[in-house]
Structure formats: C-alpha cells, structure tokens
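The sequence and the model are shown first.

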Amino acid sequence: MLKTGIKGYQSVLSTEERSAKVLGSGTLEVFATPAMVALMEKTAQDSVASYLEEGDGTVGIRLDITHDAPTPLGMQVYCESELIEIDGRRLVFQVDAYDETGKIGSGRHERFIIHNEKFQEKADKKRELPKTGQV
C-alpha cells in the first residue's frame, strides 16, 4: 500500500555520456542537469513501483529542482527520494542528489499513477490526429 515516507535510492557514475557537453545542456565535461533530472525521476519512480497494482505505473508531471554544484566526470552521483504527499493518483516526492563531496541538487518531483496500457494507447492515438503544421 502506498504511504508517505517511502524512500528510494539510485546511483550512477558521472560519465562522458552523462556530461553537459554530450547531452547538449552546456559545453563542459561535468555531470549534466538532464542526467541529474533523469536520476531523480528514476529514483522516485522505482521507489513506489512495487506498491502499485499490476499494470499500473507512474509518469512524471512536474519537476522543480536546483542544480547547485558541479560534478566532474568519474565521480559517483546518487539520489535519495522520499514520498511526501499522496493526493489521489498524484504523488509528490522530495528528491536530493549528491556526489562524493556533498549535495549537488534538490527539489520536488510530482508523478501521476497511470494504467500503462491505457496511457500508451492514448499516446499512440495522437498519430491519427491532424497535425498543426508547427514543429
């Protein structure tokens, strides 16, 4: 059963593939903000996955974070999440990211519980809709 207080933990290595230079969020060889965001989302998602009903999942709907310190390539980065609010199918997490020297970022992340198959069908149906002409 989902309840506040559920915690998650994930870690990754700061690699060239996760650098600002490669991901296009900057020109330096440091751990990229998009890589930190992905780590935060995965940590929150995985922390509650085993508490969901069969066929359900979560999707990210909001993220309000700061990236406060750089991390060089080759250093370990980890994220801790805590489920701090449940409002129907909306879940709110506190997320904090660290490298080997201390905190590098933090914030709030919201996810929404969905039925995986139904959600995928809805997304796939967009292919059948008229295009706006804008890209």
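The model is predicted: local features need pLDDT of at least 70, side-chain atom pairs count only at pLDDT 80 or more, and totals for chains, interfaces and linings use all residues. Residues are numbered from 1 along each chain as its sequence is written, and side-chain values use heavy atoms, with hydrogens and water left out.

## Overall architecture

The chain contains 3 helices and 5 strands, which are DSSP runs numbered from the N terminus (helices: H or I, at least four residues; strands: E, at least two). Read from the N terminus, the order of elements is β-α-α-β-β-β-β-α. Along the principal axes, the C-alpha atoms of the chain fill a box of roughly 45 × 45 × 20 Å.

## The sheet

The 5 strands of an open sheet are arranged in the order β1-β3-β4-β5-β2, with antiparallel pairing; two strands count as paired if DSSP finds at least two bridges between them. The edge strands, each pairing on one side only, are β1 (7-13) and β2 (56-67). On average, neighbouring strands of this sheet are turned by 25° against each other, direction ignored; axes are lines fitted to C-alpha atoms, for helices over the stretch in contact, and angles run from 0 to 180 degrees between N-to-C directions.

Beginning at β1, this strand pairs with β3 (residues 76-87) in the antiparallel sense over 7 bridges. Here V12 stands opposite V77 in β3, and Q10 has C79 in β3 as its bridge partner. Antiparallel strands β3 and β4 are joined by 10 bridges, with E80 opposite D96 in β4. These two strands form a hairpin with 2 residues between them, and G88 in the turn has a positive phi of about 65°.

A further 10 bridges join β4 to β5, again antiparallel, and a hairpin connects these strands through 2 residues. The bridge partner of D99 is G102 in β5. Between β2 and β5, which run antiparallel, there are 11 bridges; V59 stands opposite F112 in β5.

## Helices across the sheet

Helix α2 (residues 33-49) lies across β1, β2, β3, β4 (90-99) and β5, at about 140° to β2; contact means heavy atoms within 4.5 Å. Helix α3 lies across β2 and β5 and runs at about 90° to β5.

## The largest pocket

The largest pocket has a volume of about 150 Å³. On a 1 Å grid over the protein atoms alone, a cavity is a set of points where a 1.4 Å probe fits but cannot get out, whereas a pocket is an open set with protein on both sides within 12 Å along at least five of seven lines; lining residues have an atom within 4 Å of a point. Grid points are joined across faces, edges and corners, and a volume is the space filled by probe spheres set on the points.

The lining consists of R89, F112, I113, I114, H115, K118, F119 and K122. Two or more of these residues come from each of β5 (102-115) and α3 (116-125), and β5 supplies the largest share, 4 residues. By class, the lining divides into 4 nonpolar, 1 polar and 3 charged residues, with Ala, Val, Leu, Ile, Met, Phe, Trp, Tyr, Cys and Pro counted as nonpolar, Asp, Glu, Lys and Arg as charged, and the others, Gly among them, as polar.
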